[in-house]
Amino acid sequence: MNEAAAREALRRARRVVVFTGAGVSAESGVPTFRGAGGLWKTFRPEELATPIAFGRDPGLVWEWYAWRREMVARCRPNAAHLALARWALARAGVTIVSQNVDDLHERAAREVAGDPEAARRAEPVRLHGSLFHDQCSRCAWRGPASTVVDTSSVAALPHCAECGGLLRPDVVWFGEMLPAKAVEAAFAAAADAEACLVIGTTGAVYPAAGVVHTARAAGARILVVDPGPTEYDEVSDVRIRETAGSAVPRILD
Ligand code: OAD
């Protein structure tokens, strides 16, 4: 019933914004942030994903990110990522906006499209950056992730080829601004959407969570796929309490 309503709303909508969170990657084996299994090694993200933690002990923060990169690199896109990629490539007017830094939407898009150029249309707007990119903590350099092997001293950590500054992961940390271009693209897509498909996010972290409220204010139908409670439950038009891997392919394929 709910599934049929979701399919119909998506079929009718000329422009759709898809908003994803950690839950879309849960069945790939990537831990979520909140709720059961929401633990990253022995650290809480709030303790290490901050500029203050990096300033205090960059080696510890890099060790944690190197571990996360290794762990996430072993994960594979699941049925939800792949169904979303197929769908976004097959029809016009879909913008995927993700809070995730795991690059699994990107990998699904490349897997489905076959070549990186064609995959672009199914790649998400990344609101919180990417685990697999670095940025310089001193200048504006951004680029692919460096390999971090030795975290025992600051000198052994990766440094910028342009200015010699210490590199850091290109992810948004607590207390930092989101990338302006991504925010602009995400909110513009939301303001223009006729349907908003929300998958696997509690909707608790702002400003990202505002994407859904912007879509709703613009008149979009709000469709939420999440087995647990979310901040969007009151404002959803269709609520599917199932995992992404089982519900999303059934709604989209
Ligand atoms: P959360 O950990 O807050 O929420 C994960 C959501 O996924 C919950 O609502 C779960 O019920 C749901 N979930 C769990 N398993 C699922 C499955 N198999 N299928 C579908 N849903 C499932 O993660 P986010 O909402 O993404 O920010 O967290 C938002 C932001 O908080 C993150 O991007 C991160 C964090 O602080 C930054 O790092 C800046």
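To begin with Trp 173: is this residue buried or exposed?

Author: Happy to. This is a predicted model, in which local features need pLDDT of at least 70 and side-chain atom pairs count only at pLDDT 80 or more, while totals for chains, interfaces and linings use all residues. Residues are numbered from 1 along each chain as its sequence is written, and side-chain values use heavy atoms, with hydrogens and water left out.

Trp 173 is buried, because its relative accessibility is 2% (buried means under 20% relative accessible area, exposed over 50%, and partly exposed in between, with a 1.4 Å probe and protein chains only).

The structure holds 3 aromatic pairs. Rings of Phe, Tyr and Trp (its six-membered ring) pair if their centres lie within 6.5 Å, and planes under 30 degrees apart are stacked, over 60 edge-to-face and the rest tilted. Trp 64 is buried, at 1% relative accessibility, and Tyr 65 is buried too, also at 1%. Tyr 65 and Trp 173 make a tilted pair, 6.2 Å centre to centre with 45° between the planes. Because Tyr 65 sits in helix 4 and Trp 173 in the loop between strand 6 and helix 8, this pair ties together parts that lie 108 residues apart in sequence. Helices (H or I, at least four residues) and strands (E, at least two) are DSSP runs, numbered from the N terminus. Ring pairs link Phe 54, Trp 64, Tyr 65 and Trp 173 into a cluster.

Helix 4 (residues 58-73), which carries Tyr 65, leads us to the largest pocket: this helix gives the largest share of the pocket's lining, 4 residues. The largest pocket holds about 930 Å³ of space and has 50 lining residues, with Gly 21, Ala 22, Thr 32, Phe 33 and Arg 34 nearest its centre. The search runs on a 1 Å grid over the protein atoms alone: a pocket is an open set of points with protein on both sides within 12 Å along at least five of seven lines, a cavity is a set where a 1.4 Å probe fits but cannot get out, and lining residues have an atom within 4 Å of a point. Grid points are joined across faces, edges and corners, and a volume is the space filled by probe spheres set on the points. By class, this lining has 29 nonpolar, 14 polar and 7 charged residues. Here Ala, Val, Leu, Ile, Met, Phe, Trp, Tyr, Cys and Pro count as nonpolar, Asp, Glu, Lys and Arg as charged, and the others, Gly among them, as polar.

The second largest pocket holds about 490 Å³. Among its 25 lining residues, Arg 126, Gly 129, Ser 130, Arg 142 and Asp 170 are closest to the centre. Strand 6 (167-171) and helix 8 (180-191), on either side of the Trp 173 loop, are among the elements that each supply at least two residues of this lining. The largest share, 5 residues, comes from strand 4. The classes are 8 nonpolar, 5 polar and 12 charged.

Leaving aside neighbours within four places in sequence, Asp 103 is in contact with Arg 126, Ser 130, Phe 132 and His 133 (contact means heavy atoms within 4.5 Å). The side chains of Asp 103 and Ser 130 are joined by a polar contact of 3.0 Å; such a contact is a pair of N or O atoms within 3.5 Å, where within protein one must be able to donate a hydrogen and the other to accept it, and residues adjacent in sequence count only if both atoms are side-chain atoms.

Asp 103 also lines the largest cavity, along with residues including Ser 98, His 105 and Arg 126. The cavity holds about 30 Å³, and helix 6 provides the largest share of its lining, 3 residues.
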